[in-house]
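Please open the model in your viewer and keep the sequence panel beside it. The stops below say what to select and what is found there.

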Amino acid sequence: MAKDGAVQLTEALAIPRAELVYRASRAGGAGGQHVNTSSTRIELLWNVRATQALDEAQRARVEAKLASRLDGEGWLRVVSSARRSQGQNREAAEERLAALVQGALVVPKRRKATKPSRGQKEARLAEKKKRGDTKRQRRPGAFD
């Protein structure tokens, strides 16, 4: 995921490591005494508003899509504590950050407006008529 001092998002887009802030802390959960003594949990922070990696349009899209994950100053926080080593958790956090930002940068395709065909309309109306007739026959006094 990381090439030459940057977290690669796409072929043309990468986040420089200088913009990333790493914090290590003790992770909870299984692992015995090892967990109690080593700081393997990684918290990765990236400021979306101050980054030089994105242009204005990309920055606006990422801010809009990830608004619920950003704090008041524009920091995006990703935490990883699943692995037992700090290095593996660092890689996992970088991969999750890249996946989040890649997902936010995807521009959805525009929907093409379509109309149902004449045959589809007729079939739908025929089915509605048939269903109504079936219900009408169930009523008491339908065969009088």
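Is Glu94 buried or exposed? At a relative accessibility of 4%, Glu94 counts as buried, where buried means under 20% relative accessible area, exposed over 50%, and partly exposed in between, with a 1.4 Å probe and protein chains only.

Before going on, note that this is a predicted model, in which local features need pLDDT of at least 70 and side-chain atom pairs count only at pLDDT 80 or more, whereas totals for chains, interfaces and linings use all residues. Residues are numbered from 1 along each chain as its sequence is written, and side-chain values use heavy atoms, with hydrogens and water left out.

**The whole chain**

Colour the protein chain by secondary structure: there are four helices and six strands, where helices (H or I, at least four residues) and strands (E, at least two) are DSSP runs numbered from the N terminus. Read from the N terminus on, the elements follow the order β-β-β-β-α-β-α-β-α-α. Of the 144 residues, 27% count as buried.

**Strand β5 and its neighbours**

Select strand β5, residues 41-47, next. Six of its seven residues are buried, so β5 is largely enclosed by the rest of the structure. On one pairing, six bridges join β5 to strand β4 (residues 20-25), and the two run antiparallel; strands are taken to pair if DSSP finds at least two bridges between them. To locate this pairing, pick Val21, whose bridge partner in β5 is Leu45. Strand β6 (residues 75-80) is likewise joined to β5 by six bridges and runs antiparallel to it, and here Leu44 has Val78 of β6 as its bridge partner. While the strands are on screen, recall that in a regular strand the side chains alternate between the two faces of the sheet.

**Salt bridges**

Show the charged side chains now. The structure holds seven salt bridges, each defined as a side-chain nitrogen of Lys or Arg within 4 Å of a carboxyl oxygen of Asp or Glu. Return to Glu94, whose side chain meets that of Arg17 in a salt bridge (2.3 Å, N to O). This pair links distant parts of the chain, since Glu94 lies in helix α3 (residues 86-105) and Arg17 in the loop between β3 (14-16) and β4, 77 residues apart. Whereas Glu94 is buried, Arg17 is partly exposed, with a relative accessible area of 29%.

Move to helix α4, where Glu122 and Arg118 are four residues apart and thus separated by about one helical turn. Their side chains meet in a salt bridge (3.3 Å, N to O); Glu122 is partly exposed at 46% relative accessibility, while Arg118 is exposed at 68%. Further along, Asp133 forms a salt bridge with Arg136, with the closest N and O atoms 2.6 Å apart. These two residues both lie in α4, three residues apart, which is about one turn of the helix. Select Arg23, Glu43 and Arg77 as well: salt bridges that share partners join them into one network.

**A positive patch**

For the last stop, show the surface and select Lys115, Lys121, Arg124 and Lys128, which form a positive surface patch. Patches are made of residues with over 30% relative accessible area and no salt bridge, like charges being joined within 9 Å and nonpolar side chains (Val, Leu, Ile, Met, Phe, Trp, Tyr) within 5 Å.

Note on methods:
Accessible areas come from the Shrake-Rupley method with a 1.4 Å probe; for residues, only the protein chains shown count as cover. Lys and Arg count as positive and Asp and Glu as negative; His and the chain ends are not counted. The place of a charge is taken as NZ of Lys, CZ of Arg, CG of Asp or CD of Glu.
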